[in-house]
Amino acid sequence: MKALAVLTLALAANAVAAQTPLEAEAQDITEAFMLSLKSSLTASLQEGGPVEAIQHCQHLAPSLAEQFARQGWQVGRTSLKLRNPNNAPDEWELAQLLAFAKRLEQGEKPAALFASQQEGGEFRYMQAIVVAKPCLACHGESLTAEISQILDARYPQDKARGYTAGQLRGAFTLRKALNEP
C-alpha cells in the first residue's frame, strides 16, 4: 500500500505541473488507469500471490485500457523490455522511453517523467512507470521457477525481467486525434 500511496502522490504532483488542458486530461486518465491496475494487482497478490497476479494482469490491463479509452483516447503501455510484443513502442515512444531512462538515471524524480507532443492532428502523451518493490515478484532479477514457467507459457517472447526497484519499467502511452480546422 505504501508504494501505491507514493505513486499516487507522484502522479498528483505531476498533474499540478500540467501545462495544457490536453496534458491535464491525459494525466487524469493515466492516474485512473494506474490506480485501477495497481489496486487490482495488489488484491490479486494478496489473494493468490504472483501466480494469481500474472493471470489477472494478462486479462485486466487490456480491459482497463478499453475502459479508460474515453472521449477519443487510445490508452496503452509500452516498454524497452516487452512482456507482450503487441505493446512495442513506435518511433516517438521509443525516443521518450530512452529519454525517461536517462533522466531517471540522472536523478530526476519519477513524477517528472512525462512527455507530450501535438503533431499531425494528434496529441500524444507518455508517463513513465517505475518499478516498485511489489513488481519484482514477476519482473525482478530472481524469479521463482514456478513464476518463470508461467511467464514462459503465457508470454513466450517475454523480456520484462531482471529489474530492480527504481528502474524504468516502461510507460503509459495515450493518443487522441484532434479536430483541427
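Accessible areas here come from the Shrake-Rupley method with a 1.4 Å probe, and for residues only the protein chains shown count as cover. On that basis the accessible surface of the protein comes to about 9,700 Å², of which 54% belongs to carbon and sulfur atoms. This is a predicted model, in which local features need pLDDT of at least 70 and side-chain atom pairs count only at pLDDT 80 or more, while totals for chains, interfaces and linings use all residues. Residues are numbered from 1 along each chain as its sequence is written, and side-chain values use heavy atoms, with hydrogens and water left out.

**Confidence**
- The mean pLDDT (the predictor's confidence in each residue, from 0 to 100) is 86, and 88% of the residues reach 70 or more.
- Over residues 1-16 the pLDDT is below 50, and this stretch has 20 contacts (heavy atoms within 4.5 Å) in the model beyond near neighbours in sequence.

**Fold**
- Five helices and four strands make up the secondary structure; helices (H or I, at least four residues) and strands (E, at least two) are DSSP runs, numbered from the N terminus.
- The order of the elements from the N terminus on is α-α-β-α-β-β-α-α-β.
- Of the contacts with a separation of 6 or more, 69% are between residues 24 or more positions apart.

**Cores**
- Of the 181 residues, 42% count as buried; buried means under 20% relative accessible area, exposed over 50%, and partly exposed in between (1.4 Å probe, protein chains only).
- A nonpolar core is a set of buried Ala, Val, Leu, Ile, Met, Phe, Trp, Tyr and Cys residues joined through side-chain atoms within 4.5 Å.
- The largest such core has 19 residues, and F33, W73, V75, F123 and L174 have the most contacts inside it.
- Helix 2 (21-67), strand 1 (73-78), strand 3 (122-130) and strand 4 (168-177) each supply at least two residues of this core, with the largest share, 10 residues, coming from helix 2.
- A second, separate core of 12 residues includes L104, L113, A115 and A171.

**Around A137**
- A137 lies in helix 4 (residues 136-139) and is partly exposed, with a relative accessible area of 29%.
- Leaving aside neighbours within four places in sequence, A137 is in contact with P50, L143 and I147.
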